[in-house]
Amino acid sequence: MGTGRWAVPSAIDTVMTWNYDIENADLRALYEKAKRDQWNATTQLDWSLDVDPQGDVLNDDINPNVALLRDSDIWRKMTPKERRQLRYETLSWNLSQFLHGEQLAIFVAGQLTSAVPWIDAKLYGATQVVDEARHAEVFYRYLNEKVEKTYELSDTTRGIFEAILSESRWDIKYLCLQVILEGLAMGLFTRMYQSAIDPLLKELLHFVRQDEARHFAFGVLSLRDYYASELTEAERREREDVAYELCTAMRGRTYPKEAWEEMGLPVDECRRAMAEAARRSQLQLSSFNRVTSALKTIGMLSERMRPHYADIGLLKYENEGLEELKTMGEVAAA
Ligand SMILES: [Fe+2]
Ligand SMILES: [Fe+2]
């Protein structure tokens, strides 16, 4: 992996508050839960376990990088050795994108912690910064020690990272990171957790997923009340558009482009084959199954937007996990 740096300018106000009292009991309960559920990747994961990164790390039937290509000519023409390499390269690519996403999350959670006006959210946000640091730590360690190959940030998501980092309005940053990307991360991590055969990867994802569920709850709980009372109609429409654009952008960009390039595979053909198979199997879309209901909960799924979400196949998830979202305050307090 390159040793270069990437500096993204951003202008976001740091807001201090002199009100230290509990204003939002749900968020304070989530903060308590975050303190209670801290974990240490160095001592709680068994790093002595051997991993064969060329072997059965993930179950082909649930791993979209294999499952969505298996009906194509590309797959049929591959030798067993090439198929093993495809599993290996896409595993490394996927985990590398998670790693870079976690680094993004450290900074965006930090920016949010300073910009959000409520003390309850600031305290909670500080715990999230630590969580995201731990996630970057574990993904890097697994990649470095077990997979022994790391990819750079994919070209296709670089622009999305840049837009979120440089966004100056805190609530839009919140919406993009805490609701959409955290919701998507939960979907992706859950799918990888379900497909993981390697016990170390499974355990690692189990811990990470628990943290991400809390981060997602944080976004939904914060914006649910804020968006219900604080937005003008024009502001609401703008946020609805931003949310929809991010969903559309992310939906088309979880293809392992650089892994295919590494193997000399035809990128456009691979993408077409995967997209076609995804339409049939729903595997690709299912990583969004938490996002639509969360957007509904925070009031971003208006009559104006519903047909657009239907067009990209996401409206059908509008009630998925909705009961859980409604009771997140109680869940957080448990
Ligand atoms: Fe994370
Ligand atoms: Fe997170």
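**View 1. Arginine 239 and aspartate 171 are both buried.** Buried here means under 20% relative accessible area, with exposed over 50% and partly exposed in between (1.4 Å probe, protein chains only). This is a predicted model, where local features need pLDDT of at least 70, side-chain atom pairs count only at pLDDT 80 or more, and totals for chains, interfaces and linings use all residues. Residues are numbered from 1 along each chain as its sequence is written, chains are lettered from A and ligands numbered from 1 in the order in which they are written, and side-chain values use heavy atoms, leaving out hydrogens and water. The two side chains meet in a salt bridge at 2.5 Å, N to O (a side-chain nitrogen of Lys or Arg within 4 Å of a carboxyl oxygen of Asp or Glu). Arginine 239 sits in helix α10 (residues 233-251) and aspartate 171 in helix α8 (residues 170-195), so the pair ties together parts 68 residues apart in sequence. Helices are DSSP runs (H or I, at least four residues), numbered from the N terminus, and strands are runs of E, at least two.

**View 2. Glutamate 240 pairs up with arginine 304 in a salt bridge.** Their closest N and O atoms are 2.9 Å apart. Glutamate 240 belongs to helix α10, while arginine 304 is in the loop between α13 (291-297) and α14 (306-311), 64 residues apart. Glutamate 240 is buried at 2% relative accessibility, whereas arginine 304, at 28%, is partly exposed.

**View 3. Four protein donors hold on to the iron ion (ligand 1).** They are Glu102 (OE), Glu132 (OE), His135 (ND1) and Glu212 (OE), 2.0 to 2.3 Å from the iron ion. Donors are N, O and S atoms within 2.8 Å of the metal (3.2 Å for Na, K and Ca); water is not among the atoms, so sites may look incomplete. Glutamate 132 also bridges to the iron ion (ligand 2), with the two ions 3.2 Å apart.

**View 4. Helix α6 carries glutamate 132 and histidine 135.** The two lie 3 residues apart, about one turn of the helix (residues 119-147), and both are buried. Just after α6, glutamate 148 takes a positive phi of about 60 degrees.

**View 5. Aspartate 211 and arginine 214 meet in a salt bridge within one helix.** The N to O distance is 3.1 Å. Being 3 residues apart in helix α9 (residues 199-230), they are separated by about one helical turn. Both aspartate 211 and arginine 214 are buried.
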